[in-house]
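Dear colleague,

I am handing over the structure we spoke about, and below it you will find my notes on what turned up. Please read them with the model open beside you.

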Amino acid sequence: MIVANYLVAGFVFCAGLYTVLTRRNLIKIVMGLSLMEGSTYLLFISMAYRAGSTAPVLVSPPGGRTAHDLVRGNVADPVLQNFCLTAIVIGVAVTAVFLTIVVRVAQHYRTLDADKIRELRG
Amino acid sequence: MTTADEPGTRLRGEAVEAEPKHHVVVGMLLTAGVAVAFGAALLSLPRAHQQLSEVARYAMQVSLPSWNLTEPVNEVVYGTRGFDTFGETFLLLAAVISVVLLARPREPRTGYFGEDVAGEREQSEMEPAQQSPDAGEREARRAESAESDEESEQSEQSGESESSDDPAAVAAAPFPSKTSVEHRPKTPDNELVGGRGPERAEAMSIIVRGAVRTATPILAVTGCYLVAWGYSPGGGFPGGAVILGVLLLVYAGFGRKRVARVVQPKLMESIEMAGAGLIILTEALGLFRKGSFTANWLPLTPPQTIRSGGVVQLFSGGELVEVGTGLIIAVFALLAMSHDWARDKSADEDGGDDGGDANAEDRENEENASQATNAGGANQ
């Protein structure tokens, strides 16, 4: 039932989206973006899953199988795991950028309320 | 929501404040729309019984024969799809640079030309209102410089004192914090248990510090192990993240000042650029020697040895440096962002003119040069 994982990933994404759209606190908006990032990690890892599979590691194959059996056999998708790995690092870096901007906004406008930061509206 | 509406809970929870939201209906509609679209898309995704994709099967087949690597994920990250990782590395670098740029403190002017002294008379004739720079602005700037000077001041007190320090000004500082700072032991380990704590949370208790001392060497070795033993799960990304974790633990346990001796921006940035250079060189040499970017140009050792991946391991090592220092720079730039002590304009009439501010800043810099020494107490 890996579909449940997919749907939970979709739900987490929507929770993040709703947070970004409706909250006014900038920190919470960043948290919403982090939720959206997190949902993609869950989705990647869930999509990499294969029923009855083993990890894509050829070091010590389970059950007396050789590495060559494993290559043709049933393993989790290594490409999606790769995507997840890189996405996490990018997520951290992007969150750092957002938080830096939030700190500067807070220092400049003396508020974290997105509705009070309307300088661009003239 | 429903419980908050009851009058009983409201009486008790005085601090409960309705959280400000906006565009709730629009947000709900948009989220619902996205949820429907996502639900439809997610339900039609390949499920657990699907065969592996072409790319994945290729990666599995190619991993052992042509890279001698028993870890296909590493082979995908640094080999087959190395170009993705390459681009992603520089995305990380761009993010780090933006953090550094945004977190950069106000820089003092390096050269003083004396133009505002020379033009003082004319200035006062033309605009008498601007004759005296804003007192609040001055104070704010002084506080800002005091905050950034604090570290250097402390190290000066423990070691040699700088010649530019005006001893009279230091002695004349009327604030008692100056002396308490001087008596503070060099390392938090020598601080008496139960004694008066330092004014700022510098270090945590000896239990935490002991735990940090025990855990960090193990963690640091683990981080390097993850990279070196690249034929089993690991690689540069997790390794770099672990290295960041080590420094964050030290930061939490011992305070920023002790970490700041190691995490010097110049040093970290140089190391990061060296890592980026190593990655570019590794990949470009594949192009020149083997005719394709990310191609392996190193001799392959037998599987399950440290160098078994050839160029993969080199890339992974470069990535460790890049990710480790990149995240360290970003996180510590964020943590060390100084207070912007600029005057709160909402207190006065709105909209101070920019010309006046610039003038005030010029005077500030002049002041900072002469009065930096007695600024220590300004952040009281």
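What share of the contacts in chain A with a separation of 6 or more is accounted for by residues 24 or more positions apart? The share is 57%, where two residues are in contact if their C-beta atoms, placed from the backbone, lie within 7 Å. In chain B, among contacts between residues at least 6 apart in sequence, 74% join residues at least 24 apart.

Before going further, a word on conventions. This is a predicted model, in which local features need pLDDT of at least 70 and side-chain atom pairs count only at pLDDT 80 or more, while totals for chains, interfaces and linings use all residues. Residues are numbered from 1 along each chain as its sequence is written, and chains are lettered from A and ligands numbered from 1 in the order in which they are written.

Chain A

Chain A has four helices and zero strands, and its pattern along the sequence reads α-α-α-α; helices (H or I, at least four residues) and strands (E, at least two) are DSSP runs, numbered from the N terminus. The C-alpha trace of chain A spans about 70 × 25 × 20 Å along its principal axes. Its radius of gyration is 20 Å, whereas a compact globule of 122 residues would have one near 14 Å; the radius is taken over C-alpha atoms, and the globule rule is 2.2 Å times the number of residues to the power 0.38. Of the 122 residues in chain A, 38% are buried, a residue being buried if 20 or more other C-beta atoms lie within 10 Å of its own, exposed if 12 or fewer, and partly exposed in between, with C-beta atoms placed from the backbone.

The axes of helix 2 (residues 26-48) of chain A and helix 4 of chain A come within 10 Å and cross at roughly 180°, which means that helix 2 of chain A is roughly antiparallel to helix 4 of chain A. Axes here are lines fitted to C-alpha atoms, for helices over the stretch in contact, and angles run from 0 to 180 degrees between N-to-C directions; angles under 35 degrees count as roughly parallel, over 145 as roughly antiparallel, 65 to 115 as roughly perpendicular and the rest as oblique. Among the residues that meet are A:Val30, A:Leu33 and A:Phe44 in helix 2 of chain A, and A:Phe83, A:Ile88 and A:Leu99 in helix 4 of chain A. By class, the contact of these two helices has 18 nonpolar, five polar and one charged residues, where Ala, Val, Leu, Ile, Met, Phe, Trp, Tyr, Cys and Pro count as nonpolar, Asp, Glu, Lys and Arg as charged, and the others, Gly among them, as polar.

A:Arg110, in the segment after helix 4 of chain A, has a positive phi of about 60° although it is not a glycine, and A:Arg110 is partly exposed, with 14 other C-beta atoms within 10 Å. A:His68 lies in helix 3 of chain A and is partly exposed, with 13 other C-beta atoms within 10 Å.

Chain B

Chain B has 17 helices and zero strands, and buried residues make up 28% of its 380 residues. The axes of helix 5 (residues 72-80) of chain B and helix 16 (residues 311-335) of chain B come within 9 Å and cross at roughly 85°, so helix 5 of chain B is roughly perpendicular to helix 16 of chain B. B:Thr294, in the loop between helix 15 (265-290) and helix 16 of chain B, has a positive phi of about 65° although it is not a glycine; with 22 C-beta neighbours inside 10 Å, B:Thr294 counts as buried.

Where the chains meet

The contact takes 47 residues from chain A and 59 residues from chain B. Helix 4 of chain A gives the most to the side of chain A that touches chain B, with 19 residues, and the residues of that side divide into 32 nonpolar, seven polar and eight charged. B:Val99 touches A:Ala96, A:Val97 and A:Thr100, among others.

With best wishes

Conventions:
Lists of a residue's contacts leave out its neighbours within four places in sequence.
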